[in-house]
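Please examine the following protein chain together with its sequence. The briefing begins with the overall picture and then turns to individual elements.

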Amino acid sequence: MVWTIDFESDEAIYIQLRNQIIVGIAADHIREGDTLPSVRQLADNIGVNMHTVNKAYSVLKQEGFIKLDRRRGAVVAPNADKLRAIGEMRKQLGVILARGICKGVARQEAHALVDKIYDYYSEKCRN
């Protein structure tokens with residue numbers, strides 16, 4: 001998988017990395033049981049500090065997307081608790097939708113966008 005970090009973004013690098021891994025899992029580029037690069041390898045590949053990658057991996061572990069195995073390293077395990085995942089989605093979508101409403105995005109436009117994104121990732125996961 002190709003990792004792209006926007007060093008000019010206001011979003012923290014570890015969050016960008018975390019998000020790319022989650023999207024990679026959803027798009028089936030990274031599968032359950034796959035081993036992610038070591039902290040050192042990934043830090044060297046994208047040109048960031050090892051602590052940044054370690055923080056991204058720690059957050060992913062807390063969220064249930066990876067397990068840390070002493071022998072294999074960071075292993076993808078996206079079978080996180082569904083109710084917890086729905087709660088997190090509700091919280092994040094709440095803010096995103098509120099921002100859209102403030103900018104004049106209509107309900108139908110938001111629904112169409114969510115449907116399009118959902119279809120994209122669910123199609124990727126089936127193939």
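This is a predicted model: local features need pLDDT of at least 70, side-chain atom pairs count only at pLDDT 80 or more; totals for chains, interfaces and linings use all residues.

Residues are numbered from 1 along each chain as its sequence is written, and side-chain values use heavy atoms, with hydrogens and water left out.

**Overall fold**
- The protein chain has 5 helices and 2 strands, where helices (H or I, at least four residues) and strands (E, at least two) are DSSP runs numbered from the N terminus.
- Along the sequence, these elements follow the pattern α-α-α-β-β-α-α.
- Of the 127 residues, 25% count as buried, that is, under 20% relative accessible area with a 1.4 Å probe, protein chains only.

**Helices α1 and α3**
- The axes (lines fitted to C-alpha atoms, for helices over the stretch in contact) of α1 (residues 13-26) and α3 (residues 50-62) come within 8 Å and cross at roughly 50 degrees.
- The contact (heavy atoms within 4.5 Å) involves several residues, including I13, Y14 and L17 of α1 and T52, V53 and K55 of α3.

**Strands β1 and β2**
- Strand β1 (residues 66-69) and strand β2 (residues 73-76) pair in the antiparallel sense over 4 bridges; two strands pair if DSSP finds at least two bridges between them.
- The two strands, β1 and β2, form a hairpin with 3 residues between them.
- In this pairing, I66 stands opposite V76 in β2.

How values were computed. Axes are lines fitted to C-alpha atoms, for helices over the stretch in contact, and angles run from 0 to 180 degrees between N-to-C directions. Buried means under 20% relative accessible area, exposed over 50%, partly exposed in between (1.4 Å probe, protein chains only).
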